[in-house]
Amino acid sequence: MNSEKVLEIFKEITRIPRESGHEEPMTAYLQQFAKDRNLECRTDKIGNVCIVKEASAGKESVPTLVLQGHQDMVCEKRSGTSHDFLKDPIEYCVEDGWMIAKDTTLGADDGIGIAAMLALLESDLPMGRIECVFTISEETGMDGAFGMESGFFTGRTLINLDSEDEGQMFIGCAGGIDTRACFKYTQEDFHPGFKPVKLDIGNAIGGHSGDDINKGRVNTIQLMARFLYSEKQSGMQLVMFKGGNKPNAIARECEAIVAVPDPSATVARFKDFGDSVRKEYFVSDPDVLFTAGKFRCTEKPMDNDVARRLISALLACPHGVETMSQDIDGLVETSSNLAAVRMQKRGLIEVVTSQRSSITSQRKMMADKVEACFLLAGAEVVHASEYPGWKPNLNSNILKVCVDSYRKLFGCDPEVKAIHAGLECGLFGEKFGDLDMISFGPTLRGVHAPGEKLELASLDKFTKHLADVVTSFE
C-alpha cells in the first residue's frame, strides 16, 4: 500500500456520482470491488456498506479494527458552471503539489478516506481482521450512521478517516442541529414608477461551516440583508431573495431582485456598499464581487410586511463563533451558520441555518437563540438533523498507537485535538457504546466549496502512517 495506489483509486472515485442522497453508483462500486477480490461484503437496508478482510497469517489474535468513512460528497459549484453532479465526473488538475477541482468541490472529503480503505483491503500488509465501513449521506445529516443497526460492524476500535489536517489526531468533535424558518407571504403589485433591479454578491470563499467558521469569511446572505436593510427608507419592494446552498457550507453567493423608484441610484449605492465591504474583508475574502443592474421581471413583489420581517431577521440572525472552548485553546466551542435562503414555491420562503457545539446545553441554547430571532419575525421554525458530539478520551489505546507510530515514522509528535466539525464518531459512540476511536487524514483545504484541494505530500505521510498503525495495532 502506498500513496500512489490511494491516489489511483481516488481518481476512479472522482468519476462516480455520489451526491448525498444519490450514492447508489458509489455503493455499487464498493460492492463490485469486494466481489472482484472475494471479500466479504454486506450492505444494510439504507445503503451502508461493510467490507471485511480476515486477518493475515499470525495475526488472528489481533482484535478487529474498524476503519470508517462516508460515501457521499458535498456538491458545490461556481455560478455559471454547467457541471451536473448526478452524471459528470469531477474535473481536477494538479498544481504546485495540490490536486484541485477549481470550479466544483473535489470530493476528497471523504473520497480520499474511501480510497485509503480500499487500498488497505487490496494490500498484502500483515494485519489483523479489518472491517471497512462506508456510510451514506454523512454530509446532509449523518443518515447512514443514524440508520445503522447494531451488529453491522463488530470491532470495538474505530479509525475515522474523515479529517483534514495531516499531523493532527482528532479525539473529539462538536455535535450539531439544523434550524429552519419558513415565511409565508402574499404578492402585491409594483408601486407606480418602480422598476426591477437585480443585485448579486458572489465569488466569496465560503467553506466548511465547522472548520472555517472562525476565519471571518464573508456570508453573502447576511451581506445582502445588510444592504437591503439600509435601503428600507427608499420604499424598495422585494421580489426575490436566494442565497447559499448546503447547511454545512458558508454561503458564497446571494442574489436578490428588488423594485425601486430610481434604479440607477440603487445600483450606485450597491457599488459603494461593495467597495466598503471589500475593505472590511480585504484579508479573508479579497475577491468577493458585487454586481447590479436593471432587470426585466414579471414576478410580482412579496408583500412589504413579510419582506421587512425577513430582511430584519436575516440581518439579526446569529452567524459565526458564539463561544470558544474553556478547555482546549483555540477550539471553537459553539457557533451558528446562516446557510441558505430558498424560495421553495410561490408564497413560501425558507431560511436554513445550522448550529454546532461540543457542549449539548450550548448547542440547544444556540438553536434556541436562532429560533427566537425568527419567531420574533413571525416565521414558523423547526429543528432537524440533530447529532451528538464526541467526548475526548486522553487515555485511549488507539490514540497511543497512533501517536507512537507517528513519532517513530516522522520524528515528532502529532497534535492531539478536538474539532469543531461534526464526525460520525459521536453518533457511533452514542449508539454502540464504549468504542475506542480516533480520526485523522491528509491535508485538505476549501472543503465544501469550489476550489477544494488535496495536498499530495500530506497524502504520502497519511498513507505511511495509516499502514503502520494498522500493522502495529494489537
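Trainee: Let's start with Phe-273: buried or exposed?

Mentor: Phe-273 is buried at 11% relative accessibility, where buried means under 20% relative accessible area, exposed over 50% and partly exposed in between, with a 1.4 Å probe and protein chains only. Before we go on, this is a predicted model, so local features need pLDDT of at least 70 and side-chain atom pairs count only at pLDDT 80 or more, while totals for chains, interfaces and linings use all residues. Residues are numbered from 1 along each chain as its sequence is written, and side-chain values use heavy atoms, with hydrogens and water left out.

Trainee: And how many aromatic pairs are there in the whole structure?

Mentor: A search finds 11. Rings of Phe, Tyr and Trp (its six-membered ring) pair if their centres lie within 6.5 Å; planes under 30 degrees apart are stacked, over 60 edge-to-face, and the rest tilted. Phe-227 and Phe-273 make a tilted pair, 5.4 Å centre to centre with 45° between the planes.

Trainee: Where do those two sit?

Mentor: Phe-227 is in helix α5 (residues 220-230) and Phe-273 in helix α6 (residues 263-280), 46 residues apart. Helices (H or I, at least four residues) and strands (E, at least two) are DSSP runs, numbered from the N terminus. Phe-227 is buried too, at 3%, and an aromatic cluster takes in Phe-227, Phe-270, Phe-273 and Phe-290.

Trainee: What about Phe-428 and Phe-432?

Mentor: Those are stacked, 6.1 Å between centres and 20° between planes. They are about one helical turn apart because four residues separate them in helix α10 (residues 424-432).

Trainee: New topic: which residues touch the most other members of the largest nonpolar core?

Mentor: Leu-67 and Leu-118, out of 60 residues. Such a core is a set of buried Ala, Val, Leu, Ile, Met, Phe, Trp, Tyr and Cys residues joined through side-chain atoms within 4.5 Å. Its largest share, 10 residues, comes from α3. Another core, of 45 residues, lies apart from it and includes Val-218 and Leu-338.
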